[in-house]
Amino acid sequence: CQLRQAGPAAGEPGHGAAMSEWEEKDGGQGYTYFYNTVTGESSWETPAGFVPAGAAAVEPAPAAAAAEASVWEPKDDGQGGTYYYNTVTGESSWDMPADYVDPAAVAA
């Protein structure tokens with residue numbers, strides 16, 4: 001089985017092709033190669049950005065994942081101020097943490 005380069009260089013036809021065009025194939029004797037169904041190219045090396053078939057179906061819904069991923073909760077200090085409480089570490093901060101996800105923004 002003669003294999004060619006995994007993909008065209010910038011400026012060549014097919015450059016930037018979607019990785020969904022690549023399929024993982026059994027090369028025999030325990031070897032795997034990758035085949036591009038559009039260009040006919042094949043490669044022993046995994047193409048950059050290759051996503052195995054079915055992987056997209058496993059991804060969670062973005063809004064739900066973002067809401068669940070935030071470990072910070074805004075809290076009222078009782079005097080009209082807001083601080084942020086980390087439910088995992090117990091840390092608190094007056095400044096909004098960089099990884100804080102506003103549940104209202106996610107639901108919108």
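A residue counts as exposed when its relative accessible area is over 50%, as buried when that area is under 20%, and as partly exposed in between. In this predicted model, Trp-94 has a relative accessibility of 58% and is therefore exposed. Tyr-83, at 25%, falls in the middle class and is partly exposed.

These two residues also meet each other. The ring centres of Tyr-83 and Trp-94 lie 5.9 Å apart and the ring planes are at 65 degrees, so the pair is edge-to-face. The structure holds four aromatic pairs. Elsewhere, one aromatic cluster is formed by Tyr-31, Tyr-33 and Trp-44.

Three strands make up an open sheet in the order E1-E2-E3, and their pairing is antiparallel. Strands E1 (22-28) and E3 (42-43) are the edges, each pairing on one side only. Six bridges connect E1 with strand E2 (residues 31-36) in the antiparallel sense. Gly-28 is found opposite Tyr-31 of E2, and Tyr-31 is also one of the members of the aromatic cluster.

Beyond the sheet, the loop between E3 and helix H1 (62-69) contains Val-51. With a relative accessible area of 47%, Val-51 is partly exposed. Along the chain, Val-51 and Glu-24 are 27 residues apart, and their C-alpha atoms are separated by 9.6 Å.

Note on methods. Residues numbered from 1 in each chain as written. Predicted model: local features only at pLDDT ≥ 70, side-chain atom pairs only at ≥ 80, totals over all residues. Heavy atoms only, no water. Pairing = 2+ DSSP bridges. Helix = DSSP H or I, 4+ residues; strand = E, 2+ residues; numbered from the N terminus. Buried < 20%, exposed > 50% of the residue type's maximum accessible area, 1.4 Å probe, protein only. Phe/Tyr/Trp six-rings, centres within 6.5 Å; stacked < 30°, edge-to-face > 60°.
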